[in-house]
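Subject: Structure handover and notes

Hello,

Here is the structure I said I would pass on. My notes follow below it.

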Amino acid sequence: MPIKMKMTMRIGVAGLALVSACAGKAKNDVAVGPPPVEHIEMDPIKISAVKGPDGVHLETFDVAELFEHAGKALAEKRYDDAIKGYDQLLREFAGNNKYQLPSLYNEGLAYQGKKDWAKAAETFKKMATLAPDAADTKDALFQLGATYAEMGNWPTSATVFAQLFERKDMNADDKIEAWARRGFAQFMLKDLDTAERTFSSALYFFRSIEKEERLQTDFYLGLVKYHLGQIPHERFRAIPLRLPEKQMAKDMDDKARLLLSAQRQYIETIKMGNPQWASASGYQVGSLYEEFYDSFVHAPIPPELIGEANQEKREVYYEELRKKIRILLEKSLHTHEQNLMMLERLGVQNEWRDKSKLAFAKLQKMLDPSFKFDFADPTTAGSQSPAPPPPPTPAPPAGRPGSPDDGVRDPKPIERPATGPERQIL
């Protein structure tokens, strides 16, 4: 039968009496009372009688030992072992306030590591129920919103990050992260107008505090600025080139305006200096020009150029069009080249560098005089958008405290704020 024990130690402090050399009590003799007692409360210990092949023996372990073993498993990415350890601690030492929230938080990280998003969400929600105002719970809510994002539950993710603003312990990093994640959820829901307002709120807040307060990470500010470029980029993609000629001229002007708007915001993101977002933005500027080129290639042609009888006229039209839109490919090539040079200078090795290398090689072929341009079928041109979907969003650097990649939550009071860099991202 398991026995739980709480240990209290009594430590006596020896006193020294001054003894007079003369018989009897001197005037200055000091009376010595009982030694003072200091009480030290230690963590609970559990003793269990376990029946084995050799008979019954006793097993002893304490809550700190369980927590340490589970944390080691989490740090080593042995997620099942970590979950088993935290479950045992929460079961055997239920009600231990010192270890309960850290154990739940770390168990949620272990479920994230396993990509068991439903269990992770359930665990983080327990913390909000048990201690809604605790600092660990604030981080758990950030993790909860990120977990819903991993599940593709964008409406709930956006709601969680909106609710975080009701807390009184949100610092500048927390607020910008919450706005960034909420705006990202709205962006993924294709609610571009609402996402734009959310990202703009984050940027306005940053500008209001940047001279007085320094952020611990610029990652979420980069996410905000990058997506303020992605929004006009998405609107650029959505505009087709249509006949008649007057309509096509208007469509071209609208696309060009949005291209410049997206490009301007991407360049602002590059200037910020975060390597991940700079590399992503450099790639996207190059893709803007290539996508504009694709729009012309897939645009409908005038009716008088359709049909076998007009094949020669159509070829002349395509040749002239090719000459006019060549500059778009040149601009795209130059941008990817500049992006690759920047990434080499910064020593960045990521998917954006790989994408820019592939795009650069493809554009070199397309600009070769011998390259054969494949224009759209005249009978179907303009019927669908040729633009590819945007590449995935960059992930934050690995190994941040509080994520499954590095470290666990400590039950002891520590003097450090729980800010954005300590939380795992999308």
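Helices (H or I, at least four residues) and strands (E, at least two) are taken as DSSP runs and numbered from the N terminus. On that basis the protein has 13 helices and five strands. The model is predicted, so local features need pLDDT of at least 70 and side-chain atom pairs count only at pLDDT 80 or more, while totals for chains, interfaces and linings use all residues. Residues are numbered from 1 along each chain as its sequence is written, and side-chain values use heavy atoms, with hydrogens and water left out.

Overall figures

Of the 426 residues in the protein, 45% are buried; buried means under 20% relative accessible area, exposed over 50%, and partly exposed in between (1.4 Å probe, protein chains only). Contact means heavy atoms within 4.5 Å. Among contacts between residues at least 6 apart in sequence, 68% join residues at least 24 apart.

Helix pairs

Two packed helices are described by the angle between their axes and the distance between the axes. Axes here are lines fitted to C-alpha atoms, for helices over the stretch in contact, and angles run from 0 to 180 degrees between N-to-C directions. Angles under 35 degrees count as roughly parallel, over 145 as roughly antiparallel, 65 to 115 as roughly perpendicular and the rest as oblique. A crossing is left-handed if the near helix is turned anticlockwise from the far one by less than a right angle, and right-handed if clockwise. For residue classes, Ala, Val, Leu, Ile, Met, Phe, Trp, Tyr, Cys and Pro count as nonpolar, Asp, Glu, Lys and Arg as charged, and the others, Gly among them, as polar.

H1 (63–75) and H2 (79–92) pack with their axes 7 Å apart, at an angle of about 160 degrees. H1 is therefore roughly antiparallel to H2, and passes H2 in a left-handed crossing. On the H1 side the contact is made by Val63, Leu66, Phe67, Ala70, Gly71, Ala73 and Leu74; on the H2 side, by Tyr79, Asp81, Ala82, Gly85, Tyr86, Gln88 and Leu89. By class this contact has ten nonpolar, three polar and one charged residues.

H10 (residues 245–272) and H11 have axes that come within 8 Å and cross at roughly 165 degrees, which means that H10 and H11 are roughly antiparallel to each other. Their crossing is left-handed. Residues in the contact include Leu259, Gln263 and Tyr266 of H10 and Trp277, Val285 and Phe292 of H11. The classes are 13 nonpolar, six polar and one charged.

H5 (residues 135–150) has 16 residues and spans 23 Å from its first C-alpha to its last. The expected figure is 22 Å at 1.5 Å a residue, where the expected span is 1.5 Å times one less than the number of residues. H5 is largely enclosed by the rest of the structure, because 14 of its 16 residues are buried. Just after H5, Gly152 has a positive phi of about 80 degrees.

The axes of H5 and H7 (residues 172–188) are 11 Å apart, at an angle of about 20 degrees. H5 is therefore roughly parallel to H7. H5 passes H7 in a left-handed crossing. Lys138, Phe142 and Ala146 of H5 meet Asp174, Glu177, Ala178 and Arg181 of H7. This contact has three nonpolar, no polar and four charged residues.

Backbone exceptions

Most residues other than glycine have a negative phi, and most peptide bonds are trans. Lys77, in the loop between H1 and H2, has a positive phi of about 65 degrees and is partly exposed at 46% relative accessible area. Lys115 also has a positive phi of about 65 degrees; Lys115 is in the loop between H3 (97–114) and H4 (117–130) and counts as exposed at 60%. The peptide bond from Leu243 to Pro244 is cis, with omega near 10 degrees, and Pro244 sits in the loop between H9 and H10.

Two buried residues

Leu221 lies in H9 (residues 219–238) and is buried, at 4% relative accessible area. Leaving aside neighbours within four places in sequence, Leu221 is in contact with Ile176, Leu203, Phe206, Leu215 and Met272. Asn310 is in the loop between H11 (275–297) and H12 (311–346), and is buried at 17%.

Regards
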